[in-house]
Number of protein chains: 2
Amino acid sequence: MRVPVTEIHQEASPDGTPNEPLQVYRTAGPGSVPEEGLEPWRDDWIRARGDSGTHRARGHRLADDGRAAVRRGGPSQQWRGRRPEPRRALPGRTVTQMHYARQGTVTPEMRFVALRENCDVELVRSELAAGRAIIPLNINHPESEPMIIGRRFLVKVNANIGNSAVTSSISEEVAKLEWAATWGADTLMDLSTGNDIHTTREWIIRNSPIPVGTVPIYQALEKVDGNAEDLSWEVYRDTVIEQCEQGVDYMTVHAGVLLRYIPLTAGRVTGMVSRGGSIMAGWCLAHHRENFLYTHFDELCEIFASYDVAFSLGDGLRPGSIADANDAAQFAELDTLAELTHRAWEHDVQVMVEGPGHIPLDKVRENVERQQELCSGAPFYTLGPLVTDIAPGYDHITSAIGATEIARHGTAMLCYVTPKEHLGLPNRDDVKTGVITYKIAAHAADVAKGHPGASARDDALSKARFEFRWRDQFALGLDPVTAQEYHDETLPAEPAKTAHFCSMCGPKFCSMRISQDIRDTYGSAEAQEAIAGMRRKSEEFLAAGGQVYLPHPTMGPSGQP
Amino acid sequence: MRVPVTEIHQEASPDGTPNEPLQVYRTAGPGSVPEEGLEPWRDDWIRARGDSGTHRARGHRLADDGRAAVRRGGPSQQWRGRRPEPRRALPGRTVTQMHYARQGTVTPEMRFVALRENCDVELVRSELAAGRAIIPLNINHPESEPMIIGRRFLVKVNANIGNSAVTSSISEEVAKLEWAATWGADTLMDLSTGNDIHTTREWIIRNSPIPVGTVPIYQALEKVDGNAEDLSWEVYRDTVIEQCEQGVDYMTVHAGVLLRYIPLTAGRVTGMVSRGGSIMAGWCLAHHRENFLYTHFDELCEIFASYDVAFSLGDGLRPGSIADANDAAQFAELDTLAELTHRAWEHDVQVMVEGPGHIPLDKVRENVERQQELCSGAPFYTLGPLVTDIAPGYDHITSAIGATEIARHGTAMLCYVTPKEHLGLPNRDDVKTGVITYKIAAHAADVAKGHPGASARDDALSKARFEFRWRDQFALGLDPVTAQEYHDETLPAEPAKTAHFCSMCGPKFCSMRISQDIRDTYGSAEAQEAIAGMRRKSEEFLAAGGQVYLPHPTMGPSGQP
């Protein structure tokens, strides 16, 4: 079995010592011809298991794309690539990775992620079996490269894209997907709410090398012309099956927004800010009935188990401002999400749990620890959180601060936030900025957690920096293009990229050069041994209660020479 | 006494309730005519104390601007504005704010900062007296607006500017100063190392409404043509007095780089990365003698005490990569910085202590706690720290993550990092990005610390967001210009700024609108009382060991309806 990696080759050090190439985690897929989509390369693995078939498909209907498409007789940009027959589990069978893991079966998908994560496959299997990790992987999305979400593995990043009633085209959304995956997004959510919602998703899934998530209630609401009170379990169920057949890998389900929790939000500064949550709240209030996602949850589990769709249990009552963080509404819903997590596991359905949102830094850790405890370690998937509300236009940064903190304490996947958050929909540049910012947060958390091998890339880049291997410094970074652009702004000439100084200090002030001289003097094995001896002596002295750093022997008591 | 604030006026809420204007901390100064400089408005306060005079000035010499200026007969852009007579303490007098505070004197400067900080002036005085806060404020910089740095006060942000041998002009540096102060920088460091170093600083100080810091060793090195081994206490002393007379408010002094610590850096991934630290290390090694900044430290204290220049004790051995964080070299130097802190205090000289640099997130807190303990609460002033090294071009973000964490645990001032860090010198745009990013970090830390009133701005902005007061949302943010630009990209028309929806969801999906409906239903005093009653009942039930969230009564045991 082969897994994709990026191998970064490096120049030799100034003294001629070669530097080994560095392998970093990557997704092979981005770069498809959008009109054709990617190869369904995982099909063989799925078929070989013999537990799924192509019978009883719902199929695609014109109305799935909304009224404008019905009027026109089709979506604005028809999908003409591969149209696989939708598969589902044979009667009585369960096709989830959790199910296989619990049976003790090691699937090719598990081996694939173990190789990507550079870990033992038994760790993958046992974490899946326990529900502490998921591989979101619909059997109808064979184009996707298996990846794992769980706190024992690398922290992952999700990118949100999607059109709305007022913006964007299908091509733009496909371009955003490609761009997001190129810069390192691990999963993608298509949050489209406008026209051509089915066909936009078709283009995205057929071109996506990473798992795709959705929030089915958005499309269900389109089907009832935007009137929340006209929603029903039947419309929702139909939408979920439509999306399961298309290949959606995980779905956000706001089943924790219970009727009795809704009044708890009335005293908030920002009420409810989850779209899905407020749609369900609107429905509950209109009918004064319990949330149908909650009352039909087991039926939903049965459907998900037939395609291996994972739950992303939505936090419809998450705070929309730091003022509302960690309040009664939020934590009441979390209790219910924990209950639903355990219910999904009874069906061998994979689950992750969504988290906030907006949380001041001192309250971030409590969120993940509480979720991990209540939900028995089910992966936490958080949006940021933003640690302040005063910087619209910079919320990728305000949220990356909270994201690093929450991931460090156990969040398994971070949903990116772009600079456009709260202001508009992200364009292609914003998608890149959001992904890179969140790769930083995820990686910084991996390093802080002491994840095996996580700091190898930091160390390689730092060594390249110290040795003025500028090209290696660019190549080892998350965004070589931007790094080189910035460097070239002040020192554009090609020789500057091999110069042993830079524009910040100029040639004479170079601290790196002076350090190199020190290393040449003290860096030998003998010198290092002597230094270690000195340090041991100091420590002994300290341990004996002494004061190590006495005034220099040539000085008098006041420190004067 | 009057202090500057920005008063942000707000529109009324949709129901007609007025929203009070919000006052936020600001610096009045930016916006001077660069050729003229700012008014020396604080002169009266300084003179009224009667403890300083204008005798015995060193004055300005042509050679202070470097060899190019000597050849030309002057700097490239002469300063023709106000040239005040340099003042210094009368013989036997000490003019530091720490000295006054220790004598129990409340100065106008202390009253000014107490008003800005919205706190009791006795808190200001007592923190200054204890050394836990400083007001960096040279008596030769009467243009500056007093501000305080200490963990009991708002977290502050420093911006670095300065030319180097290969870039930039005087006008550009003055423009960067104005830009930095406009966006909220609390202090500025002029790190110039190239030509016209004295005159560039003159332009900057005369135009700076915020304290200005320098690293005098950079200019001293210019005076010996860049040869570290030719440095001497005499050249350094002369440079310090030159800068004290100009009005530099604080100076970075790398007096903790002791000869015996230098070998400890030889085994590092990135050796020494502090310019000043490596210059001193180079000198120590060339002469095999102890650092003259350490051996002459008391003499330096006497000079600083005569102008009220504050020490910023430089961390010349700070790590330059996360691999080198918290190592023996770094912590050995910190022990010496603690010793020097206490020595400066014996002279009533104000001190802050510089900190790293590059630290993985799990090791950040240890840095500030260790510094605070060893240095008896002297303000910590840190550069970042960056929590990963893999993102050149995004180091404002990698470092803002560490900066928020370290400030939350007690760092008093954060030195910004711009996107150009490690790649080139920041231009005007980078300065703005760096300042805004660090205002976010500082503010998020204030909020996490529970600083009185810190979250008022968050709450006002969140309320404006919830009520679709778009213009208020822009105005209350750190960067109204960018926020409005982003909003207008998708919804440019003027009516959209008062529309009760936005481009993200469109009119039908609006969660804010649904929340408003909920508030209208449940938000009354009576409804809230009823809700509180429900919550009390739930809590009683829980406390009695009950299970609150039972399946809905209409459902059977499996959750099916």
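Modeller: The expected span of a helix is 1.5 Å times one less than its number of residues. The model before us is a predicted one, and this rule can be applied to its helix H6 (residues 170–183) of chain A.

Biologist: What makes the reach of helix H6 of chain A close to the expected one?

Modeller: Helix H6 of chain A has 14 residues, for which 20 Å is expected at 1.5 Å a residue. From its first C-alpha to its last, the helix reaches 20 Å.

Biologist: Which residues of H6(A) are buried, and what do they pack against?

Modeller: Buried means under 20% relative accessible area. The buried residues pack against strands S7 (156–161) and S8 (187–190), and against helices H7 (197–206), H16 (428–449) and H19 (480–490), of chain A. After H6(A) comes A:Gly184, with a positive phi near 120°.

Biologist: Why is helix H9 of chain A called mostly covered?

Modeller: Ten of the 14 residues of H9(A) are buried, and each of these therefore falls under the 20% cut-off. They include A:Trp233, A:Tyr236, A:Ile241, A:Cys244 and A:Gln246. The cover over them includes helices H7, H8 (216–223), H11 (292–295) and H12 (297–307), with strands S9 (212–214) and S10 (250–253), of chain A. Helix H9 (residues 233–246) reaches 20 Å, close to the 20 Å expected. A:Gly247 follows H9(A) and has a positive phi, near 115°.

Biologist: How much of chain A as a whole is buried?

Modeller: Of the 561 residues in chain A, 66% are buried. The chain has 21 helices and 14 strands. Among its contacts with a separation of 6 or more, 75% are between residues 24 or more positions apart.

Biologist: What makes the meeting of B:Glu405 and A:Arg408 a salt bridge?

Modeller: The side chains of B:Glu405 and A:Arg408 come to 3.5 Å, N to O. The cut-off is 4 Å between a side-chain nitrogen of Lys or Arg and a carboxyl oxygen of Asp or Glu, so the pair qualifies. The rule finds four salt bridges across the interface of chain A and chain B. On the side of chain A that touches chain B, helix H15 (residues 395–408) of chain A gives the largest share, nine residues. That side has 59 nonpolar, 42 polar and 30 charged residues.

Biologist: How many residues are in contact between the two chains, and what area is buried?

Modeller: In chain A 131 residues are in contact with 130 residues of chain B. The two chains bury about 11,000 Å² between them, 66% of it on carbon and sulfur atoms. The size of an interface is often given as the accessible area lost when the parts come together.

Biologist: Why is B:Thr388 called buried, and what does it touch?

Modeller: The relative accessible area of B:Thr388 is 0%, so the residue is buried. It lies in the loop between S13 and H15 of chain B. Residues that B:Thr388 touches include A:Ile440, A:His443, A:Ala444 and B:Ile322. Its side chain and that of A:Asp458 are joined at 2.6 Å; the limit for a polar contact is 3.5 Å, so the pair qualifies. A polar atom of the B:Thr388 side chain also lies 3.3 Å from the backbone nitrogen of B:Ile390.

Technical notes:
Residues are numbered from 1 along each chain as its sequence is written. Chains are lettered from A and ligands numbered from 1 in the order in which they are written. This is a predicted model: local features need pLDDT of at least 70, side-chain atom pairs count only at pLDDT 80 or more; totals for chains, interfaces and linings use all residues. Side-chain values use heavy atoms; hydrogens and water are left out. Contact means heavy atoms within 4.5 Å. Buried area is the accessible area (1.4 Å probe) that two parts lose on being put together, summed over both. Helices (H or I, at least four residues) and strands (E, at least two) are DSSP runs, numbered from the N terminus. Ala, Val, Leu, Ile, Met, Phe, Trp, Tyr, Cys and Pro count as nonpolar, Asp, Glu, Lys and Arg as charged, and the others, Gly among them, as polar. Buried means under 20% relative accessible area, exposed over 50%, partly exposed in between (1.4 Å probe, protein chains only). A polar contact is a pair of N or O atoms within 3.5 Å; within protein, one must be able to donate a hydrogen and the other to accept it, and residues adjacent in sequence count only if both atoms are side-chain atoms. Lists of a residue's contacts leave out its neighbours within four places in sequence.
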